[in-house]
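Let's take a friendly walk through this model, from one chain to the other and then to the place where they meet. Keep the viewer open as you read.

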Amino acid sequence: MKRSYNFGYYIAEGFRSIFTHGLMSFTAVFMIVACLLIMGSFSLVAVNLERELGKLEQDNRFLAFVDETYTREQAMALKTQIEAVPNVASVIFETKEEAQKNYAAKYASDKNAALYAELPAEVFRDRYAVHMTDLSLIQETVDAVEAVEGIEGHQAAPEVAQGFVLVRNVAAGVAAILIVLLLFISGFIIYNTIRLGTFSRREEIVIMKMCGATNGFVRGPFIFEGMILGLIGAVLAFFCQWGIYELIVQAIDTETTAQLLSVIPFQEIWPKVLGVFAGAGLVVGTSGSVMAIHKFLNV
Amino acid sequence: MIQLLDIHETYDNGTRALKGIDLRIKDGEFVFLVGPSGSGKSTIIKLITGEIQPTGGRIMVNGYNLGNIRPSQVPYMRRTLGVIFQDFRLIDKKTVWENLTFAMRAVGASPREISKRIPYVLDLVGLNYKGDRYPNQLSGGEQQRVAIARALVNNPQMIIADEPTGNLDPSRSQEIMLLLEKINELGTTMLVVTHEKELVNRFSKRVVAIENGRIISDETGGYYKNEEII
C-alpha cells in the first residue's frame with residue numbers, strides 16, 4: 001500500500017465528493033453554521049456576563065479599621081503588612097478626615113445630608129480599603145488582615161461577596177451545561193446529515209470493500225470531506241457571528257437604558273472565536289463522518 | 001485455489017442455507033455453479049468473499065484460511081478476487097476510466113500503475129475507445145464489460161461472476177461468456193454463478209450443481225443436465 005498516493009487521493013476525493021454531492025454538502029455546512037451560531041451566540045453572552053460579574057466583584061472590598069490609639073504614622077506603616085496578606089490585591093489608606101468627607105458626599109442627596117455633613121471626623125477611624133484577588137476567600141482574608149497588630153475591627157459583607165461568587169458559579173455552570181448540550185445536539189444533527197449523504201454512497205463503499213479496500217482507505221475521503229465541510233461551516237459561522245455581534249453592540253450603544261452594559265469589542269475576542277469555531281467545526285465534521293460511515297463498513 | 005470442506009451455514013433466522021458443501025476449485029479452472037433460486041449459490045459467494053463466516057467447516061481462499069482470518073486481513077484476501085455482479089454496480093457519476101481508477105485506487109495503486117493497466121484491460125474487454133463515457137451512455141453488454149474490466153483491473157487470481165448475464169439478451173450473454181472464457185485462458189480462475197441452462201451447455205466446462213444447500217452433481221467437462229434445477 002502506497003500511503004503517499006492515498007493521502008493525495010483522500011484530499012482530491014474529499015473535495016470532489018463535496019461538489020458531486022452538492023446538496024448534501026450544502027445541508028451539512030448549513031447545519032454546522034446554524035449550530036455554531038447558536039452555540040457561539042450563547043457562549044458570547046456567557047463570556048460577557050462573566051466579565052460583568054467579574055467587574056462587580058472587583059468593586060467589592062472590605063474595610064479594615066486601625067486601632068484608635070495608633071498615630072497617623074503608625075497607622076500608615078501597617079500598609080505593607082496588610083499587602084503581604086495572601087489574596088490581598090491592593091490596599092488604599094484612608095484617613096478619618098477623608099472618610100468623613102466621603103461619607104458626607106455619599107449621602108449628599110439624602111434628606112439628612114446636613115446632619116451627616118456635620119459629623120465630626122473623630123467619629124470615624126483611619127482605615128484601609130482592601131481589595132481581594134479571589135472574592136470567594138473573603139472570610140479568610142478578613143481574618144488574616146484582622147490578625148495584623150494595629151487592626152481593630154472590619155466592615156465587610158461576606159454574604160454579598162458569597163452571593164456574587166454563587167451567581168458567577170451558577171452562571172458558569174449553566175453556560176457550560178448548555179454549551180455541552182448544544183454541542184451534542186449539533187453533533188447529532190450533523191451526524192445525521194452526513195449519514196444521509198453517506199447512505200446514498202453506500203454502493204461506492206460496497207464496491208471499494210469488494211475490491212479489497214481497507215476500512216482506513218474507505219474512511220479517508222469521508223474524513224477529509226467532513227473536515228473540509230466543518231472548516232467551511234466554521235468560517236461562514238464566524239463571519240455571521242461577527243455581524244450579529246456588531247449589530248447587538250450597536251443596538252446596546254443606541255439604547256439608553258442598555259448603555260450601563262459594556263460589551264467586549266469583537267476585535268478583542270475574534271481570534272478565540274475563530275479558533276473555537278474552527279476546532280468545533282473540525283471535530284463535529286470529522287467525527288460525524290467517521291460515525292456515519294461506520295455502519296456501512298461492515299461488508 | 002478455493003477449498004470448501006464440509007461447509008455448513010445457518011442464518012440467524014434458522015435457515016440452513018448450506019448443509020455440508022465440499023468443493024475444490026484449482027488455479028486456472030473455469031467452473032459454473034448452477035442451481036435454482038434459494039439453493040445456496042449466493043451463500044457460497046458470500047462465504048468466499050468473506051462477507052459472512054461459515055457456521056461449520058473450513059474455507060481456504062487463495063492461501064487465506066477464512067475460518068480464522070483477522071478482519072484486517074480480509075481486504076488483502078479480497079484483492080486476490082474480482083467480483084462481477086448481475087446489476088453491474090458501476091458508479092454512475094464516474095466515467096468508465098474513473099470506475100476502473102476507483103477500483104485500483106482502493107488497493108493503493110500508483111497513478112503510473114493505473115495509467116499503464118487501464119488501457120490494457122479496456123482493450124481486453126473491447127472498450128478501448130469508451131474510457132470517457134459514463135455508464136448510462138453504454139449498452140447493458142458494455143456496462144457488464146466495464147464491470148468485468150473492473151474485476152480484472154487489479155489482476156486477481158480468481159474472478160467470481162454472480163449471474164453476469166442475468167440482465168442481458170442472449171447474444172450479449174454469449175459475448176460476455178466468451179470474454180470470461182478468454183480471460184480464463186489468460187490464467188485467471190473463473191467461478192460463474194448462473195442458472196442459464198442454454199448458455200452453460202454451450203461451453204464445455206466443469207459444472208457444479210447445487211440444490212437445497214447440497215452439491216448434487218459435479219462434472220468436469222460436462223453439461224448442465226439436470227432439467228429440474230432450472
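What share of the 230 residues in chain B is made up of buried residues? The answer is 43%. Please keep in mind throughout that this is a predicted model.

## Chain B at a glance

Chain B contains 7 helices and 10 strands. If you take the contacts in chain B between residues at least 6 apart in sequence, 67% of them join residues at least 24 apart.

## A helix pair in chain B

Now turn to helix 5 (residues 140-152) and helix 6 (residues 170-185) of chain B, whose axes are 10 Å apart and which pack at an angle of about 20°. Angles under 35 degrees count as roughly parallel, and helix 5 and helix 6 of chain B are therefore roughly parallel to each other. Their crossing is right-handed.

Which residues of helix 5 of chain B meet helix 6 of chain B? On the helix 5 side they are Gly140(B), Gly141(B), Gln144(B), Arg145(B), Ile148(B) and Leu152(B). Their counterparts in helix 6 of chain B are Arg172(B), Glu175(B), Ile176(B), Leu179(B) and Ile183(B). Sorted by class, this contact has 5 nonpolar, 3 polar and 3 charged residues.

## Strand 1 of chain A

Over in chain A, strand 1 (residues 61-66) has 5 of its 6 residues buried, so this strand is largely enclosed by the rest of the structure. Strand 1 of chain A pairs with strand 3 (residues 127-132) of chain A in the antiparallel sense, over 5 bridges. Strand 1 of chain A also runs antiparallel to strand 4 (residues 151-155) of chain A, and 3 bridges join these two.

In strand 3 of chain A its bridge partner is Ala129(A), while in strand 4 of chain A Leu63(A) stands opposite Gln155(A).

## Two helices of chain A side by side

Next, find helix 10 (residues 215-254) and helix 11 (residues 266-294) of chain A. The axes of these helices come within 7 Å and cross at roughly 150°. Angles over 145 degrees count as roughly antiparallel, and helix 10 and helix 11 of chain A are therefore roughly antiparallel to each other. The crossing of helix 10 and helix 11 of chain A is right-handed. By class, their contact has 22 nonpolar, 9 polar and 3 charged residues.

## Where the chains meet

How many residues of chain A are in contact with chain B? There are 17, and they touch 18 residues of chain B. Helix 1 (3-20) and helix 9 (202-211) of chain A each supply at least two residues of the chain A side. The largest share of that side, 6 residues, comes from helix 9 of chain A. By class, the side of chain A that touches chain B has 10 nonpolar, 4 polar and 3 charged residues.

Helix 9 of chain A deserves a look of its own. This helix is mostly covered, with 7 of its 10 residues buried: Glu204(A), Ile205(A), Ile207(A), Met208(A), Lys209(A), Met210(A) and Cys211(A). Within chain A, these buried residues pack against helix 10 and helix 11. Across in chain B, they pack against helix 2 (74-78), strand 6 (81-84) and helix 3 (96-105). After helix 9 of chain A comes Gly212(A), with a positive phi near 105°.

Notes. Residues are numbered from 1 along each chain as its sequence is written. Chains are lettered from A and ligands numbered from 1 in the order in which they are written. This is a predicted model: local features need pLDDT of at least 70, side-chain atom pairs count only at pLDDT 80 or more; totals for chains, interfaces and linings use all residues. Two residues are in contact if their C-beta atoms, placed from the backbone, lie within 7 Å. Helices (H or I, at least four residues) and strands (E, at least two) are DSSP runs, numbered from the N terminus. Ala, Val, Leu, Ile, Met, Phe, Trp, Tyr, Cys and Pro count as nonpolar, Asp, Glu, Lys and Arg as charged, and the others, Gly among them, as polar. Axes are lines fitted to C-alpha atoms, for helices over the stretch in contact, and angles run from 0 to 180 degrees between N-to-C directions. Angles under 35 degrees count as roughly parallel, over 145 as roughly antiparallel, 65 to 115 as roughly perpendicular and the rest as oblique. A crossing is left-handed if the near helix is turned anticlockwise from the far one by less than a right angle, and right-handed if clockwise. A residue is buried if 20 or more other C-beta atoms lie within 10 Å of its own, exposed if 12 or fewer, and partly exposed in between; C-beta atoms are placed from the backbone. Two strands pair if DSSP finds at least two bridges between them.
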